[in-house]
Amino acid sequence: MFGENMKPGRPEVIEPMELSMEDLYLFKQCPLRWRLSKTELHMRERTKKEELADKAKEMIQWYYTRRMEGLLPSYDQVKRHFSDLLYGGKIDSRQVMRMQRVKPERGDIVNMEQKLIKGVLEMVGRDRAKEATVVAVSKKYRVKISDTLYLTGEIPVVRDVEGQIELVWVKTSFSDASEFYYLTDMGLTFLQLAWNSVKKQPAQRVVVFDAVSGKERAVIRSREDYKRLVEIAKMTEAMIRQNLIMPREQKGCNSCPKRMLCAQWKGWKN
Ligand code: SF4
């Protein structure tokens with residue numbers, strides 16, 4: 001069937017790629033920062049804002065894990081734990097309490113810490129008043145997007161509120177969320193996509209908890225919305241496979257931990 005020059009070659013095997021939601025966010029923010037964060041010598045460093053955001057997430061994870069274990073931490077326990085996380089226990093819980101009220105004196109970082117303390121305590125207050133059972137905390141998912149791509153991420157909190165499953169997303173960004181954010185954010189879509197991939201049906205509610213303002217808001221995510229996330233993931237995969245990785249200069253470059261390396265970048269050798 002095949003002539004001398006037409007021997008069938010082995011089909012090229014494409015190694016499946018695994019991208020995390022964090023990869024997608026970072027790649028969208030700046031492809032070069034994403035690439036530099038992946039190299040062994042220059043592991044991902046965090047900006048001060050990102051470190052604070054991680055601590056707020058850790059705090060929320062701690063609170064909901066206790067709730068899942070059937071415990072209801074008191075305000076004092078919450079403040080003490082937050083003090084440990086933020087200040088290594090150097091500031092006691094009463095000072096944490098006072099920090100909610102005082103005006104920032106040490107600039108932006110204190111201002112951010114205060115906002116997070118206030119926001120998380122508001123969340124705790126609201127949660128304590130709710131008739132909810134915590135079903136899962138920081139639940140990890142790996143969703144097959146195609147034969148060559150998997151998307152990974154986690155659902156911060158799953159609650160059962162009066163028989164309705166609620167997926168909770170924690171927003172730790174210090175910029176105000178716009179209507180556009182609530183309509184399109186990839187992380188919110190991932191919650192439903194991941195839940196749907198395992199349970200074969202969407203959860204009844206997706207809720208955004210804003211750790212900075214302390215507010216909660218329900219958003220809609222349907223199967224139609226999955227398409228946007230899937231397309232973004234596939235396009236990111238294609239760009240990585242083709243090494244279409246370039247710097248994306250922006251306002252945030254001044255605080256980017258990779259800016260010195262980035263300044264030396266002159267293109268890829270191959
Ligand atoms: S300094 Fe700016 S352009 Fe360079 S890697 Fe960082 S975010 Fe990207």
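Is the crossing of H3 and H4 left-handed or right-handed? The crossing of these two helices is right-handed. A crossing counts as left-handed if the near helix is turned anticlockwise from the far one by less than a right angle, and as right-handed if clockwise.

This is a predicted model, in which local features need pLDDT of at least 70 and side-chain atom pairs count only at pLDDT 80 or more, while totals for chains, interfaces and linings use all residues. Residues are numbered from 1 along each chain as its sequence is written.

## The chain as a whole

The protein chain has 10 helices and six strands. Helices (H or I, at least four residues) and strands (E, at least two) are DSSP runs, numbered from the N terminus. Of the 270 residues in the protein chain, 25% are buried. A residue is buried if 20 or more other C-beta atoms lie within 10 Å of its own, exposed if 12 or fewer, and partly exposed in between, with C-beta atoms placed from the backbone. Among the contacts in the protein chain with a separation of 6 or more, 65% join residues 24 or more positions apart. Two residues are in contact if their C-beta atoms, placed from the backbone, lie within 7 Å.

## Helices H3 and H4

Helix H3 covers residues 48-68 and helix H4 covers residues 75-87. They pack at an angle of about 145°, and their axes are 10 Å apart. Axes are lines fitted to C-alpha atoms, for helices over the stretch in contact, and angles run from 0 to 180 degrees between N-to-C directions.

On the H3 side, the residues that meet H4 are Lys55, Glu58, Met59, Trp62 and Tyr63. Their partners in H4 are Val78, His81, Phe82, Leu85 and Leu86. By class, the contact of H3 with H4 has seven nonpolar, one polar and two charged residues. Here Ala, Val, Leu, Ile, Met, Phe, Trp, Tyr, Cys and Pro count as nonpolar, Asp, Glu, Lys and Arg as charged, and the others, Gly among them, as polar.

Phe82, in helix H4, is buried because 26 other C-beta atoms lie within 10 Å. The C-alpha atom of Phe82 is 7.6 Å from that of Ile117, which is 35 residues away along the chain.

Helix H8 runs over residues 186-199. Its 14 residues should span 20 Å at 1.5 Å a residue, and its end C-alpha atoms are 20 Å apart, so the two values agree. The expected span is 1.5 Å times one less than the number of residues in the helix. The buried residues of H8 include Leu188, Phe190, Leu193 and Trp195. After H8 comes Lys200, which has a positive phi near 65°.

Ile232 belongs to helix H9 (residues 223-241). It counts as partly exposed because it has 17 C-beta neighbours inside 10 Å. Leaving aside neighbours within four places in sequence, Ile232 is in contact with Leu24 and Met186.

The table lists C-alpha separations for pairs of residues.

| Pair | Apart in sequence | C-alpha to C-alpha |
|---|---|---|
| Ile232 and Lys28 | 204 residues | 9.2 Å |
| Lys258 and Trp34 | 224 residues | 9.6 Å |
| Ser146 and Lys234 | 88 residues | 8.5 Å |

Lys258 is placed in the loop between H9 and H10. With 21 C-beta neighbours inside 10 Å, Lys258 counts as buried. Ser146 lies in strand E2 and is partly exposed, with 13 other C-beta atoms within 10 Å.

## Positive phi angles

Ser138 is not a glycine, yet it has a positive phi of about 50°. Ser138 is part of strand E2 (residues 132-146), and its 15 C-beta neighbours inside 10 Å make it partly exposed. Asn243, also not a glycine, has a positive phi of about 55°. Asn243 is in the loop between H9 and H10 and is exposed, with 11 other C-beta atoms within 10 Å.

## The ligand

The ligand is surrounded by 13 residues, and the closest are Cys30, Pro247, Cys253, Cys256 and Cys262. Helix H2 (31-38) and helix H10 (259-264) are the elements that give two or more residues to this shell. A residue is near a molecule if its C-beta atom, placed from the backbone, lies within 6 Å of it. By class, the shell around the ligand has six nonpolar, two polar and five charged residues.
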